[in-house]
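Trainee: I've got a model open on my screen and I'd like to learn how to read it. Can we go through it feature by feature?

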Amino acid sequence: MSRPMSRPAGTNSDLCEGHFSGKAGHSNHPHLFAIKVKLIHSKHAWGKLKNVFNPNHRHDEPHEKEIDAWREEIANSHRYKSFAPETVGNDVKWYVDGRDYFWAVSVALENAKEVVYIADWWLSPELFLRRPPSEAKEWRLDRVLKRKAEEGVKIFVIVYKEIAQALTCDSAHTKTTLEELCPRGNPGHGNIYVMRHPDHDPFLHGADMTFFWAHHEKFMVIDHKLAFIGGLDMCFGRWDMHQHPLADVHPEGVANEIWPGQDFNNNRILDFQNVNDWKQNHLDKTKYGRMPWHDVSIGIVGPAVMSIADHFVERWNFIKRDKHKRSPKRPWLQLRGIPDDLAGVQRPTFPVGGYYEHPLHSPDEFNLENRGPCEVQIVRSSADWSHGLAHPETSIQTAYIDTIENAQHFIYIENQFFITATGGKQHPIHNQIGRAIVNAVTRAHNENRKLRVIIIIPAIPGFPGDLREDSATGTRAIIDYQYKSINRGENSIYGQLQKEGIDPTKYIFVFNLRIYDRIHTTDALLNRQKETGVGYRELQAANAKDVLGAKGAAQDDSSSSSESSILDSAEESRMAGRRKLFEEDMDSASHAHNSVAKAAMKGSKPLTDETWDDGVDQEKMDFFQEELYVHAKLLIVDDEKMIVGSSNINDRSQNGDHDSELSAVVKHGPTVSSLRKQLWMEHLGLLPAQELEGDDDPNAQPPGHGGNRCEVDPLVEDAMSDELWNAWTSQATTNTEIYRYLFHPDPDDCIKTWKDYDTFCPKRDKVPTGHIWNGGDFTTEQVKEELAKVKGHLVWMPLDFLKDETMAEPGLQVNAITESIYC
C-alpha cells in the first residue's frame, strides 16, 4: 500500500504539501480561497453535531466498515485477540516503587533525541523525578520536557480529562502548563502538543462524551527505541522507596524535605486539593504521615515498543479526529509500517495540522530486533468511546484468564482492586477472572497438586473519610464488592470452591501491606514554633516555593520586574529571615533520624537502638502507621509469565468498554522470577533500605542500560518451599497482631459490626488517625520493643471485617445507575 509523503516535522503550514489541497484556480485570489476553506470547515463542524444522535457514526460508512473488518481480522490472528502480535527478542527491565522508575525515566528523557509519547491518567508537571528536590531542581518533569523541547524533541502528551467535581487531578492545569513551557518566540515553541480526552459535554466539539470512564493507561515511548509501561503515573504522591517512609519533618533544615508541597499526601486523611497550586499543602506533616505507595512498572527495548507506539498513535489520531480535526496546533501522526487507515489517519480535502511520520530515524539506524530474551505481547482494554473501535477489545481479561487457568504451581497477584465474578450471577460484576481462579484451584485439587493463590491488595481503597461516615458510601461499596468476590456468598471464589467440596483456605491467601514510622516532631521543634511565632507549616510552604518555583518552569525567573514580583521578593526576604530564626541551632539539637521506616528492612539498626532528641512522651505519640497502598497491577504465574500494566482487577479495567488500559504479557523465566523475588524480599523485609541517589543502581537505569540486579536471599529462591511459606505467614501474623495491639487500625477481623467498629477503632476526633491507640497504656520503650518485631510490610487481610453488616446501602451514591462505577 503506497503512503503519501509526510511533510517535515516542525513546519506550521495548515495545509499539507504533496497532497490535493484545493488551491488550483485560486492562486490569484488567495483571500477568497481562505474564506472558502473556513466556510467548509464551519459547515463540517456544525455537521458534526448530528453525531450526538448517531452513536454508530464512526462505523456506518462503507470505508469505515472496511477498516473495522480489517482490524478485527488482524486481532483474530493474534493470541488473546489483541491488536498487537506476540514479539520475541525484547529486553525487559522491571521497576519496583517510584525511586527506581522515575530515575530511569529521567535518564531516558534526558537522552531523547527525536520524539516522546506520554499517555497518563494524571500528569503533574511539577513532579520531581529525582530527590531531594532542593538538590535536583533541574529534574522536575516540566523542566526536563522544556529542556528537550528546546533541543528540538517533539513531545506528544495525552491525559485523561477528568470530571472536575469528582476528581482533583486538574488536567487543564497539566495542559496549560506544558503548552506554555516554550512561549512563542522562544526556543522549543511548537514542540509540545497536549490533548485531553474525553469530553463531558457532547456539544463542546460535536464529539461523544462519557461521564463514567477514564483513560487509565500509564506509558511512555521515547524515540521509538524504548518504552515504559506499568502502574506508575507521572504525578504527585507516587515517588517512594522500598522502605516507604511516612515521615518528612526535618528540624535540622526544611530544605531536606523529600516530598515538598502537594507531593506529600495521604488520601485516606485528605485528598489532593487545588493541585494547580502545587506549593501548598493542607496536611500537617508534624502530625500525620503520608500514604506510602507501592507500584510496579517495566521498561522495554525491542519489537514490542512499536506495539505501544501503535496504540498511542491510534489514540492520538482518534482524538484528533473527534476533537481537533480543524485545529492547526495538533498534527496527524503516521507510523512507518502501519497503514494510515489502521492508524486512524484521515486525509480530508482541506487538512489542518499537517502530517508527521514517525520514527524519524531510519530502520538501519536502530534495530529493535534481537534486543533481549523476552517474549512480549501488548494487550489492551479499548472501545468505541476510547479508541474508535467497532467492538470492545478485552485482550487484557483474556490474557489474565488464560494465564491463571494454566497455572501449575502458584498465582501471585498484586492489584489496587480485586472485584471479579465466578459466573453470571454477581450483577453488576461481569469479568471472569474469579472463575479462572476457581478453575485453576479445582484442577489442582483434582490432580492432588500443590497450588497457592497469593493476593495482595490495599487494606482500604485510597479515598478519604472514615468508613462510618456517609461520605464513604462509595468506598464501602468497593469493599463490599471485593468481599463478595473473595469469600462472601455462594458465588464468591470461596463459595464456589466450597460447593465443590474444596477448602479454599488451603489454596487462597489474601494479604495487605502496612508500615510504621516516627514523625520527627520533637519538644524542641514545638517550643521553637512558640518562641519564634513561625509554624513548621510556614517553613514547608516557603521551602516548596523555593524548590518548586514561584513562577513555574514556563517563565524566566529573572524576566519580571513588575510590582507583584517586587512584593514577592519582599515577602520571600521576610520569610527567609523567619526561616533562619527558626532553624538556628536546631541542627545541633537534632540527632535522631527523620524516619525510622528502614528499621523494618534488612541490615538496619533495631528500632530499640534508635535515639530521640528530647521529650520521651512526644516520641511515643509521634509513632504513626498507615496502610502501604498497593497500586501495582501485576500477575505472576509459576515464575515463567507475568502481566504488568495499568489494568486493575475489576470491570472498569477488564471489560474493554469501560476504562481504557494497556498492559504487557511477558514470558521469560529469569526476568519474571527475579521480579517475584525482589517483591517478596521487600514484603518480608529482606531488602536493605534505599538511598535517594540512584546513579549507581542498575535497577534505576532505563532498559538497554544493563539488566536488573537482584541479590536473592536464599529464603525466597523457591516460591513453593515450606520454609518460605512458614516465614511469610508467621511474619504476616506477627505484624498484624502488633499493629492491632498498638494502633487499633481498621479494617480488622474483630470488627464485625458497626458497634464493634466504635468499640475497637477510635473516631478521628478522639485519637488522631494513625497514632497509638491509647498512649497511656504503654511506655515509649514498650512501643519500640513491640514495633522492633515488625519486619517488612505483610499483614493478613481481615476477611471477616464488617461481615455482619450491610456495607453498600442503596441510595443516591450507590444505585442501579451508578453501581457500575464502583466495580
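Predicted model: local features only at pLDDT ≥ 70, side-chain atom pairs only at ≥ 80, totals over all residues.

Trainee: Which residues of α3 are the buried ones?

Mentor: Here's the general idea to start with. An α-helix has 3.6 residues a turn, so residues three or four places apart point the same way. In this case, the buried residues are Gly98, Arg99, Asp100, Tyr101, Phe102, Trp103, Ala104, Val105, Ser106, Val107, Ala108 and Leu109. Twelve of the 13 residues of α3 are buried, so the helix is largely enclosed by the rest of the structure.

Trainee: What span does α3 reach from its first C-alpha to its last?

Mentor: Helix α3 covers residues 98–110 and reaches 18 Å, close to the 18 Å expected at 1.5 Å a residue.

Trainee: And the chain as a whole? How many helices and strands are there?

Mentor: The chain has 22 helices and 21 strands. Of its 823 residues, 62% are buried. Look at the contacts too: among those with a separation of 6 or more, 80% come from residues 24 or more positions apart.

Trainee: Now the empty spaces. How do I read those?

Mentor: Rolling a probe the size of a water molecule over the atoms shows where empty space is left. Here, the largest pocket has a volume of about 1200 Å³. It is lined by 43 residues, and the closest to its centre are Trp121, Ala166, Leu167, Phe463 and Ile821.

Trainee: Which helix gives the most to the lining of that pocket?

Mentor: That's α11, with three residues. Both α11 (473–486) and α18 (651–654) supply at least two residues of the lining. Sorted by class, the lining of the largest pocket has 22 nonpolar, 14 polar and seven charged residues.

Trainee: What about cavities? How many of 30 Å³ or more does the structure hold?

Mentor: Three cavities reach that cut-off of 30 Å³ or more. The largest cavity has a volume of about 310 Å³. Its lining has 24 residues, and Gln625, Asp746, Cys761, Thr769 and Gly770 lie nearest its centre. Strand β16 (residues 623–627) gives the most to this lining, with three residues. By class, the lining of the largest cavity divides into ten nonpolar, five polar and nine charged residues.

Trainee: How much space lies in the second largest cavity?

Mentor: About 80 Å³. The residues that line the second largest cavity include Gln262, Phe264, Asn265, Asn266, Asp271 and His282. Its lining has four nonpolar, seven polar and one charged residues.

Trainee: Last one, a single side chain. Is Gln397 buried or exposed?

Mentor: For a single residue, begin with the relative accessible area, where buried means under 20%. Gln397 has a relative accessible area of 12%, so it is buried. You'll find Gln397 in helix α9 (residues 395–405).

Trainee: What does the side chain of Gln397 reach?

Mentor: The side chain of Gln397 reaches the backbone oxygen of Gln654, at 3.0 Å. Leaving out residues up to four places away in sequence, Gln397 touches Asn431, Gln432, Gln654 and Asn655.

How values were computed. Residues numbered from 1 in each chain as written. Heavy atoms only, no water. Helix = DSSP H or I, 4+ residues; strand = E, 2+ residues; numbered from the N terminus. Expected span 1.5 Å × (residues − 1). Buried < 20%, exposed > 50% of the residue type's maximum accessible area, 1.4 Å probe, protein only. 1 Å grid on protein atoms, 1.4 Å probe; cavity = no way out; pocket = protein on both sides within 12 Å on 5 of 7 lines; lining within 4 Å. Points joined across faces, edges and corners; volume = space filled by probe spheres on them. Nonpolar A, V, L, I, M, F, W, Y, C, P; charged D, E, K, R; others polar. Polar contact = N/O pair within 3.5 Å; in protein donor to acceptor, adjacent residues only side chain to side chain. Contact = heavy atoms within 4.5 Å.
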